[in-house]
Amino acid sequence: MAKNLRIINKYTSTYLFNKWPVVTRIRDYGKATSFPDYFQNPIFRKEDQVKLIESNELSKLASIPVKPPAVYQTSSAYQDPLVNKVINHVMEMGKKQLARSLVEKAFENIKRKQIQRFHLASTPEEKAKIILDPKVILHMAVENAKPLLQLSPIKRGGITYQVPGPITEKRSLFLAIKWLIEATNEKERTVHFPEQFAWELLEAANNTGKVVKKKQDLHRLCEANRAYAHYRWQ
Amino acid sequence: MKMSLNIIRYFVPKTKCHFSWKNPIIQGTIQYTTASGSSDVFNNMTDWETLSKKKKISKAMKAYLERAREHDDFMKKQQFEYNIGKRHLANMMGENPETFTQKDVDRAIEYLFPSGIYDPAARPLMKPPEEVFPARKAAEFDEAGRPHHFLFYTGKPNFFKLLYDAVENIQQANNFEDRVIRKKATPDPNGKLDLGGSVWLTKEQLEMALVESITDLEYDNFKVVMERLVSLPYSYRHKEFIEKHRKPLASQKFALEIPKPSYDDEGKAYITTYECLRKKARGDVTIKSPGTGKITINGKDLSYFEDTQSREQVLFPLIFTGMQDKVDVICNIEGGGPSGQSGAIRWGIAWSLRSFVEKDMLEKMQVAGLLTRDHRRRERKKPGQPGARKKPTWKKR
């Protein structure tokens, strides 16, 4: 039944000069698989749009073709680009629903732990110090895990030197998320991912734990290899 | 011998004279004689001086004339055949051949010769011959075989003339800037050139405009030169030249025609958008106002979608416009998966909401990309490789 309906839907009848119906087929082929490059990226978040209105650029941009937002993008207040990024890093084999549920479960664990701590705290000053929002904790954890320097192998005179240099914002974000997930996966088989991930995030947000140590080790190594720094441009 | 010709010429009617005169002295005598004769009118009408200058038609010119004549004949024949074909088509479709337009021809061809060929360029077509056969340049040289265009020997005179003009404009803009600086005047702040709504002509469009084929490198050069002209502070003085080589982007489609809502039995305003599509999903969306934010998808509520992402997508336009508890949404959707279906519903809701929101909200929706139809489809798999783009692992040997 549904299939028949679909076939009827595929053929839309139009009347020409009220004489007889012509059945034209809507074709599925020959369509582009991407947008032309003059299509601008959409600006859909509330705060970005407010900025546009303040600078009077909104009506100017409205005359330019814009790409539609992707399936994972909304203007919802619960939407966070960093959370999306972390979900994508957690994802394996394209199982996004599973990845999302794991990250959300980790957030739930963080919230539970923090509320427990909140209730255990005796004085109001101590209570005020405890952050209850898991997203804020994620942001702090990633910020604390981001390295500032990197080592790149450069070959000079047949010897490969590990040369320290500055790191791009994008790569440091990538390394921070990667290290957080790697540290989470170094766990006992009996411990589930969300629990361990929540623990790692809390540790990193507190500026302690495996990931922050890894970052500090890298910084220390960069400091030790300072003497090779000139190989970057010589 | 020449004298005898001279005499003949004197007696034949002047309009039929094709002889050319090599000796100016002889020509002079003829003029004199004819002037003394009775046919003064004839003499005045014939421009003897230019006739004498056209000493001979060059070989290139001859060949060109021959080619032009052949081309004209060919085009005439093609036009004749096209007209006949159009009438046949009209008769086949049972319509009036006199009022049969090109649009009708395209539709008839699509109906009579349904084609499953992937590439649109390979499907059957019937277009007027001037569209099918590319335009040709008119004579590039005069009858003596000398080219008209000062850049003829570059091989692409129109293209290089364009670059030449662009550079001239750049120099003028620079000179103007120098003069302004010397006078210590302040530049006009309103004169800024706004090119946001247009793009440079594509290579194909430029080729059509120039009637010359250009290489990719030459097209890049064109873009570089024009960008340099645009980057100058006084480029707005050459706006006309710049605009000539730009094409406006698709303008605000959302503002074109926003349908007026109809009213049902209960007096509620409603709008139905048909053909909401994304990926393989097809459906229609009805929006009723005033409502309570009730969403019906194929008879179920929002739990029709099991994953959160799709639910968020359906709510996106409602939350964005702040209408989530002011309207009711009813959708019928089929085909595709949850992502495609929710995308189709998202577009349908946004498109229908146009009738219920303010003008400035429309602009916001446009900038947010909610009113852009996502026409992208799955890319086909290619033979010889495992996917659309994926290639087999490369092994040296």
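## Chain A: contacts and fold

Among contacts in chain A (heavy atoms within 4.5 Å) between residues at least 6 apart in sequence, 59% join residues at least 24 apart. This is a predicted model, in which local features need pLDDT of at least 70 and side-chain atom pairs count only at pLDDT 80 or more, while totals for chains, interfaces and linings use all residues. Residues are numbered from 1 along each chain as its sequence is written, chains are lettered from A and ligands numbered from 1 in the order in which they are written, and side-chain values use heavy atoms, with hydrogens and water left out.

Chain A contains ten helices and four strands; helices (H or I, at least four residues) and strands (E, at least two) are DSSP runs, numbered from the N terminus. Along the sequence their order is α-β-β-α-α-α-α-α-α-β-β-α-α-α. Of the 234 residues in chain A, 35% are buried, where buried means under 20% relative accessible area, exposed over 50%, and partly exposed in between (1.4 Å probe, protein chains only). The accessible surface of chain A is about 15000 Å², with 55% of it belonging to carbon and sulfur atoms. Such areas come from the Shrake-Rupley method with a 1.4 Å probe, and for residues only the protein chains shown count as cover.

## Chain B: overall figures

Chain B has 14 helices and seven strands. Its 397 residues include 37% that count as buried. For contacts between residues at least 6 apart in sequence, 62% in chain B join residues at least 24 apart. Chain B exposes about 25400 Å², and carbon and sulfur atoms supply 55% of that area.

## Salt bridges

Side chains of opposite charge can pair when their charged atoms come close. Over all chains, the structure holds 29 salt bridges, each being a side-chain nitrogen of Lys or Arg within 4 Å of a carboxyl oxygen of Asp or Glu. In chain A, R220(A) pairs with D217(A), and their closest N and O atoms are 3.1 Å apart. Because they lie three residues apart in helix 10 (residues 210-224) of chain A, R220(A) and D217(A) are separated by about one helical turn. R220(A) is exposed at 54% relative accessible area, whereas D217(A) is partly exposed at 33%.

In chain B, a salt bridge joins K127(B) and D106(B) (3.3 Å, N to O). This pair links distant parts of the chain, 21 residues apart: K127(B) is in the loop between helix 6 (102-112) and helix 7 (129-132), and D106(B) is in helix 6. K127(B) is partly exposed at 29% relative accessibility, and D106(B) is partly exposed at 30%.

R278(B) and D374(B) also form a salt bridge, with the closest N and O atoms 3.3 Å apart. The two residues are 96 apart in chain B, with R278(B) in strand 4 (residues 269-278) and D374(B) in the segment after helix 14 (359-367). Both R278(B) and D374(B) are buried.

A network of salt bridges links R100(A), E104(A) and E312(B).

## A charged patch on chain B

R179(B), R182(B), K183(B) and R237(B) form a patch of positive charge on the surface. Patches are made of residues with over 30% relative accessible area and no salt bridge, with like charges joined within 9 Å and nonpolar side chains (Val, Leu, Ile, Met, Phe, Trp, Tyr) within 5 Å. Lys and Arg count as positive and Asp and Glu as negative, while His and the chain ends are not counted; the place of a charge is taken as NZ of Lys, CZ of Arg, CG of Asp or CD of Glu. One of the patch residues, K183(B), lies in helix 8 (residues 157-183) of chain B. K183(B) counts as exposed because its relative accessibility is 70%.
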